[in-house]
Amino acid sequence: MDNGRQASGVREPKMKYLLITGASAGIGLSTAKLFLDSDYKVINLSRRPCPDERTIHMRADLTDPDFYSLIEADIKKHLSQAEEIVLVHNAAKLTNDNARSTDSKSLREILEINVVAPNTLNLAILPFMQAGSSIIYLGSTLSEKAVPNSFSYVTSKHAVIGMMRSTCQDLVASDIHTACICPGFTDTEMLREHVPTEFMKQIKDMSSFGRLVEPDEIANTIFWASQNPVINGSVIHANLGQIES
């Protein structure tokens with residue numbers, strides 16, 4: 001800041017960034033819009049661009065172990081100016097598979113997106129993160145329980161909670177906080193791809209409110225978690241009171 005600005009008392013606006021994976025639809029898109037409306041610059045990493053044209057889109061295939069090397073220079077141009085960074089690990093892949101038949105190659109493909117990519121980004125982005133920044137993980141109701149035929153997804157989402165808790169412990173005294181938001185059945189493309197229409201009412205009835213969670217509701221939870229370091233290390237289930245059978 002130059003002396004003229006100091007003398008006049010004018011302060012430059014704080015440079016705040018959201019770096020999010022998978023903001024092309026669903027929870028990620030709702031989250032991007034909310035942060036944009038809250039004066040954050042938003043960088044989206046995904047194969048498909050974010051429909052909100054205010055977003056800085058960087059094409060990234062999280063199944064590629066070297067995805068970060070292709071965008072590293074562009075990331076640095078932006079985040080070197082950041083005073084606050086919210087890193088949201090949103091992108092994930094769900095397959096219907098079973099412990100009896102899932103080979104290790106198939107498991108690795110899910111872990112690459114759901115677990116390894118977040119680790120890659122943590123290592124790359126943490127050096128840019130100042131006090132007041134945060135890392136928010138997206139888990140699932142299945143992060144702390146299991147159902148049949150979701151072997152790889154359940155395994156990866158349990159790992160996400162472990163990563164969040166370990167990150168919390170390893171960032172002690174940094175003033176960077178972490179949390180894991182675990183959505184219930186949310187009205188997204190992923191849910192509709194895996195739940196046939198004829199079973200949707202049954203899924204809705206598993207909520208104590210008798211409906212699906214809206215992506216905006218999860219986005220609001222993510223935003224709240226990013227602004228409240230008191231929840232550092234917490235697992236937050238956002239599922240409208242899912243009914244346990």
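## His89 in strand β4

His89 sits in strand β4. This is a predicted model. Is His89 buried or exposed? With a relative accessible area of 5%, under the 20% cut-off, His89 is buried.

The side chain of His89 has a polar partner. It makes a polar contact of 2.8 Å with the side chain of Asn122. Thr21, Pro118, Leu121 and Asn122 are in contact with His89.

## Helix α4

Asn122 belongs to the buried residues of α4. This helix covers residues 104-125, 22 residues in total. From first C-alpha to last, α4 reaches 29 Å. That is close to the 32 Å expected at 1.5 Å a residue. Where does α4 bend? The bend is at Glu112, by about 50°.

The start of α4 has a contact of its own. There, a side-chain oxygen of Asp103 comes to within 3.2 Å of the backbone nitrogen of Lys105.

Buried positions run along α4. Among them are Leu107, Ile110, Glu112, Ile113, Asn114 and Val115. Ala117, Pro118, Leu121, Ala124 and Ile125 are also buried. Which elements do the buried residues of α4 pack against? They pack against strands β1 (16-21), β2 (41-46), β4 (84-89) and β5 (134-138). They also pack against helices α3 (72-79) and α5 (151-170).

## Two nonpolar cores

In soluble globular proteins, nonpolar side chains tend to be buried together. Here, the largest nonpolar core has 34 residues. Leu45, Ile75, Leu79 and Ile125 touch the most other members. Several elements give two or more residues to this core: β1, β2, α3, β4, α4, β5, α5 and β6 (177-183). Which element gives the most? It is α4, with six residues.

Ile125 is in α4. A second, separate core has 25 residues. Its members include Ile27, Phe35, Leu36 and Ile218.

## Asp52 in a loop

Asp52 lies in the loop between β2 and β3 (56-59). Why does Asp52 count as buried? Its relative accessibility is 11%, and buried means under 20%. Beyond four places in sequence, Asp52 is in contact with Leu29, Lys33 and Leu36. Leu36 is also a member of the second core.

## Two positive phi values

Most residues other than glycine have a negative phi. Asn149 has a positive phi, near 65°. Asn149 is found in the loop between β5 and α5. At 42% relative accessibility, Asn149 counts as partly exposed.

Leu240 has a positive phi as well, near 60°. Leu240 is found in the segment after β7 (234-238). Is Leu240 buried or exposed? Leu240 counts as buried, at 17% relative accessibility.

## Confidence in the model

The chain averages a pLDDT of 92. A score of at least 70 is reached by 94% of the residues. Where is the pLDDT below 50? It is below 50 over residues 1-7. Beyond near neighbours in sequence, this stretch has six contacts in the model.

Methods:
Residues are numbered from 1 along each chain as its sequence is written. This is a predicted model: local features need pLDDT of at least 70, side-chain atom pairs count only at pLDDT 80 or more; totals for chains, interfaces and linings use all residues. Side-chain values use heavy atoms; hydrogens and water are left out. Helices (H or I, at least four residues) and strands (E, at least two) are DSSP runs, numbered from the N terminus. The expected span of a helix is 1.5 Å times one less than its number of residues. The bend at a residue is the angle between axes fitted to the seven residues ending there and the seven starting there. Buried means under 20% relative accessible area, exposed over 50%, partly exposed in between (1.4 Å probe, protein chains only). Contact means heavy atoms within 4.5 Å. A polar contact is a pair of N or O atoms within 3.5 Å; within protein, one must be able to donate a hydrogen and the other to accept it, and residues adjacent in sequence count only if both atoms are side-chain atoms. A nonpolar core is a set of buried Ala, Val, Leu, Ile, Met, Phe, Trp, Tyr and Cys residues joined through side-chain atoms within 4.5 Å. pLDDT is the predictor's confidence in each residue, from 0 to 100.
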